[in-house]
Amino acid sequence: KPVVAIVGRPNVGKSTIFNRIAGDRISIVEDTPGVTRDRIYANSEWMGTQFSLIDTGGIDIGDEPFLKQISEQAEVAIDEADVIVFLVSGRGGVTDADEHVARILYKSNKPVILAVNKVDNPEMRVGIYDFYALGFGDPFPISGSHGIGLGDLLDAVVKAFPESANYEEDKTIRFSLIGRPNVGKSSIVNALLGTDRVIVSDIAGTTRDAVDTPFTTPDGDEFTMVDTAGIRKRGKVYENTERYSVMRAMKAIDNSDVVLFIINAEEGIREQDKKVAGYAHQAGRGIVIVVNKWDTIKKDNHSLHDFEVHVREEFQYLAYAPMIFVSAKTGQRLEKLPELIKKVATNHAKRVQSATLNDVIVDAVAMNPTPTINQRRLRIYYTTQVAIQPPTFVVFVNDPELMHFSYERFLENQIRAHFDFSGTPIRIIERKRK
Ligand code: GDP
């Protein structure tokens, strides 16, 4: 999916525009920690074209001086985006800070679209002419608070997307590593790619993104490690900020089939771990929980089991995700990772037969009667799988209101007991039979 970034000095209305474009499409699932609440990254769509949206204004660079902050935010946009929306304010003309942003954006070879915000009425349109001086062609007058002009702006944004050929489907299994700084992501990457066991392909032309690394195992399985460059590189100030790393993780998750969620055994689970895992779950990706630095743990007969229980408690919604204990330092169990990723990817893309599925549901209903509300009983007529990645099931019923979440969970467990969906979330949707 192409990525759009909104950049500009503070107070031009970046978050307002972000929220307008992201709209209500951001769903917050109650029982999972909602990273999406941070509103720094969102999936959106315009006229049938999907894209991701990032608000670099949300990236707080701490105590850096003002202009330095603005520069860092513009750099983020240049690094991450396919198209940049450069936002200025129609009230008060071009400022020094606007010119500062402009100078940084000149140097990028990404398409830049200039939007003048706060043009709330037609009389204010004359004010946009000043902004030709920034050198990004015709400015688009918009009003975030009134929702004016956004359609024209989005038309221009979508038109500037790179050729769709860059986003072609391939059979490779795409996976990413997510986790807080220092959990050992880059050590795992180096250990995996550094062995003779895998053949790292020539990058040019084989993937959609130069930051991805394709490799092949001796069994001939093809994998692409998403955002390898981002995991390895370090140094710029913003790359160490939490919001930036969360945003980058969200982008990697969107581009993956399977997510390796890395936890540091030495430090245990932190708040930031939950955010990122919650997003991977909501996004419907396959998930493997990888506990790294296992070499640092003093072990007795219980340590592995105890740690697993602890993680399972903290991440109840990831009950389906397999867990593996590794050490990037000693290499322990790392060789099992590709196999495990493949298995999860297979389950993530699994389709089951309707006949067998309905047998499972009929048996389930016989075992545990459907719920009733006011003496009206839920009736299940037919169940069918409508999608993969993640596997999604539609249950045709007499009245969707009669479904209870605990009964839905029961059905999910029954489906899981009969088909191997380990590693993948599954979705169940009720529809009224017409
Ligand atoms: P990243 O920020 O998640 O990419 O983490 P790094 O790969 O840079 O690792 C952070 C630190 O943890 C480095 O000092 C590594 O040497 C160390 N480290 C990584 N994996 C292991 C491990 O399995 N065992 C031990 N003892 N240290 C590790």
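Modeller: Val360, Ile361 and Ala364 in α11 meet Phe410, Leu411, Gln414, Ile415 and His418 in α12, where contact requires that the C-beta atoms of two residues, placed from the backbone, lie within 7 Å. By class, this contact of α11 with α12 has six nonpolar, two polar and no charged residues; Ala, Val, Leu, Ile, Met, Phe, Trp, Tyr, Cys and Pro count as nonpolar, Asp, Glu, Lys and Arg as charged, and the others, Gly among them, as polar. Helices here are DSSP runs of H or I with at least four residues, and strands are runs of E with at least two, both numbered from the N terminus. The model is a predicted one, in which local features need pLDDT of at least 70 and side-chain atom pairs count only at pLDDT 80 or more, while totals for chains, interfaces and linings use all residues. Residues are numbered from 1 along each chain as its sequence is written.

The axes of α11 (residues 354-367) and α12 (residues 405-418) come within 10 Å and cross at roughly 130°, with axes being lines fitted to C-alpha atoms, for helices over the stretch in contact, and angles running from 0 to 180 degrees between N-to-C directions. That angle makes α11 oblique to α12, because angles under 35 degrees count as roughly parallel, over 145 as roughly antiparallel, 65 to 115 as roughly perpendicular and the rest as oblique. α11 passes α12 in a right-handed crossing; a crossing is right-handed if the near helix is turned clockwise from the far one by less than a right angle, and left-handed if anticlockwise.

Another helix pair is α7 (residues 242-254) and α8 (residues 271-282), which pack at about 25° with their axes 10 Å apart and are therefore roughly parallel to each other. Here Glu242, Val246, Ala249, Met250 and Ile253 of α7 make the contact with Gln272, Lys275, Val276, Tyr279 and Ala280 of α8, and these residues divide into seven nonpolar, one polar and two charged. The crossing of α7 and α8 is right-handed.

Helix α2 (residues 66-80) packs against α3 (residues 96-106) at an angle of about 35°, with the axes 10 Å apart. On the α2 side the contact includes Leu67 and Ile70, and on the α3 side Ala97 and His100 are among the residues involved.

Turning to the strands, six of them form an open sheet of mixed pairing, in the order β2-β3-β1-β4-β5-β6, where two strands pair if DSSP finds at least two bridges between them. At the edges lie β2 (41-46) and β6, each of which pairs on one side only. Helix α2 packs on this sheet, touching β1 (3-7), β3 (49-55) and β4 (83-89). Two bridges join β5 to β6, which run parallel, and Val116 stands opposite Pro141 in β6. The loop between β5 (112-117) and β6 (140-141) holds Phe136, which counts as partly exposed because it has 19 C-beta neighbours inside 10 Å.

Elsewhere, β9 (residues 213-216) and β10 pair in the antiparallel sense over four bridges, and they form a hairpin with five residues between them, where Gly220 in the turn has a positive phi of about 90°. Strand β10 (residues 222-225) also pairs with β7 (residues 173-178), in the parallel sense and over three bridges.

Notes
Buried ≥ 20, exposed ≤ 12 C-beta atoms within 10 Å, placed from the backbone.
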